[in-house]
Amino acid sequence: MQGLSIKLAIIPIAMMLCLCQAITNLHPLILVPGSGGNQLEARLTTGYKPLDLFCDRWYPISKDKEGWFRLWFDPSVLLAPFTKCFAQRMMLCYDRDLDDYRNAPGVETRVPEFGSTESLLYLDPHLKQLTAYMAQLIESLEEIGYVSGETLFGAPYDFRYGLAAEGHPSHVGSKFLQDLKDLIEKASASNGGKPVILLSHSLGGLYVLQLLNRNSASWRQRFIKHFVALSAPWGGTVQEMLTFASGSSFGVPLVDPLLVRGEQRSSESNLWLMPSPTLFGPGKVLVFTPSEAYSAHDIPQFLNDIGFPEGVIPYKSRILPLTEELRPPNVSVTCIIGTGVKTAETLFYGKAGFDEQPEVVYGDGDGTVNLVSLLALESLWANEKSQPLKVIRIAGISHTSILEDNAALDQIIGEVSSINSQAEVHFA
């Protein structure tokens, strides 16, 4: 672990003063990961029907006494026969009668280590070099005095699920929000009643904003010190349209995107990350085919045309209203984003259709999230005088490297230290 003296040597003097105060006067901090940013475990029941012998209940061999095994991340997903098993077990099903999502038949899942940072460090503890997630960020927080389990906590969740607009059930996502609320209150109580700093990455930011806006102003004033959002896709991404159309291996070698496309389409949170019509606008064509052109306003038609008509109803009724609800929570918010990394902006499909990967025209963003989405709060809240908002841009930093690049970590730690040094401010 880097010594504190080394860390202090590479940051500005004003930030050093903040650090000195923060070390002795820390507000509790809760980390909320992004999609795929924590471990998931699964157990197969007698209702599970394997696709083939490779996917039978014997696989994987390594299970605990109660039959639980790590579903995410499992390195065997890199091998084609097991990629199909993984996709089947990760699949969600939308139940139209219940108007909610559930696991695939015969698959139970759970999120290990809620409240702890343990499952955020590495997606597979046996492959630390390859699957590190928040390990370096957590190490940097510890260097300024944070202690896991005392002032530093983690809020992992089942990232396949999302939330739904008012009037629609969302059992798994709503339970996570309640668990997160309880964790916030416990973290505050165990630290002398100090309000909490929420530090999210990617999808975690959307969850946090929903939590804040679904609770009272008095609750926010009492329990929330500051919300820091890293790489938040406030208005979705064009990359998500590619994922739904053709599947995506996200750069993982040996994985056929078509083998995981069905599972990716079934993910409620992926549907939540479709480009927002409010931000991308009706005049901006995002996907071209030889016969059609789709903007963010055409997503229902797009879902139908790619062969996923079952996604239309939940998108229109559950998801679309959420994308229009980026209300200011009237607590201090800092967005830290990467810019200047080529990011999919327009997709061109040929006569081969959606089973082939498209030609891509790139624009600005963090390599995953488009700049218009990263900066959504800045544009939407421009006239909200009661909403403190700070945006920090870091050139050349990608969606995931923001968690490990030294320059990015210095910015994050500097912001957390500055927040810790601030006196309490209350907003109407």
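Two residues are in contact when heavy atoms of theirs lie within 4.5 Å of each other. By that rule Q136 touches L403, E404 and L409, leaving aside residues up to four places away in sequence. The model in which these contacts are found is a predicted one. Q136 has its place in helix α6, which covers residues 135–143. Its relative accessible area is 37%, and a residue counts as partly exposed when this value falls between the limits of 20% for buried and 50% for exposed, so Q136 is partly exposed. The C-alpha atom of Q136 is separated by 8.1 Å from that of L121, a residue 15 places away along the chain.

The next part to look at is a three-stranded sheet. This open sheet has the strand order β3-β2-β6, and its pairing is antiparallel. Strands β3 (69–72) and β6 (107–110) stand at its edges; each has a single partner strand, so one side of each has no neighbour in the sheet. From one strand to the next the twist averages 45 degrees. Strand β2, residues 40–44, is joined to β3 by three bridges, and the two run antiparallel. Within this pair, A42 has F69 in β3 as its bridge partner. Helix α3 packs on the sheet and touches β2, β3 and β6, with a direction about 90 degrees from that of β3.

Helix α3 also has a helical partner. Two packed helices are described by the angle between their axes and the distance between the axes. For α3 (residues 80–90) and α11 (residues 257–266), the axes come within 8 Å and cross at roughly 5 degrees. An angle under 35 degrees counts as roughly parallel, and α3 is therefore roughly parallel to α11. On the α3 side, the residues that meet α11 are A80, T83, K84, F86, A87 and M90. On the α11 side they are L259, V260 and E263. Sorted by class, this contact has six nonpolar residues, one polar residue and two charged residues.

Strand β8 (residues 196–201) pairs with β9 in the parallel sense over six bridges, and L198 stands opposite F227 in β9. Strand β9 also pairs with β12 (residues 333–339), again in the parallel sense, over four bridges. In that pairing A229 has C335 in β12 as its bridge partner. Seven of the seven residues of β9 (residues 224–230) are buried, so this strand is largely enclosed by the rest of the structure.

In soluble globular proteins, nonpolar side chains tend to be buried together. Here the largest nonpolar core has 115 residues, and I30 and W234 touch the most other members of it. Helix α8, residues 203–213, gives the most to this core, with seven residues. The contacts of W234, not counting residues up to four places away in sequence, include G205, L206 and L209. Another core lies apart from the largest one; it has five residues, among them I337, V369, L371 and L374.

Three bridges connect β10, residues 285–288, with β11, and the two strands run antiparallel. In this pair F288 is placed opposite A293 in β11.

G247 follows α10 and has a positive phi, near 75 degrees.

How values were computed:
Residues are numbered from 1 along each chain as its sequence is written. This is a predicted model: local features need pLDDT of at least 70, side-chain atom pairs count only at pLDDT 80 or more; totals for chains, interfaces and linings use all residues. Side-chain values use heavy atoms; hydrogens and water are left out. Two strands pair if DSSP finds at least two bridges between them. Axes are lines fitted to C-alpha atoms, for helices over the stretch in contact, and angles run from 0 to 180 degrees between N-to-C directions. Angles under 35 degrees count as roughly parallel, over 145 as roughly antiparallel, 65 to 115 as roughly perpendicular and the rest as oblique. Ala, Val, Leu, Ile, Met, Phe, Trp, Tyr, Cys and Pro count as nonpolar, Asp, Glu, Lys and Arg as charged, and the others, Gly among them, as polar. A nonpolar core is a set of buried Ala, Val, Leu, Ile, Met, Phe, Trp, Tyr and Cys residues joined through side-chain atoms within 4.5 Å. Buried means under 20% relative accessible area, exposed over 50%, partly exposed in between (1.4 Å probe, protein chains only).
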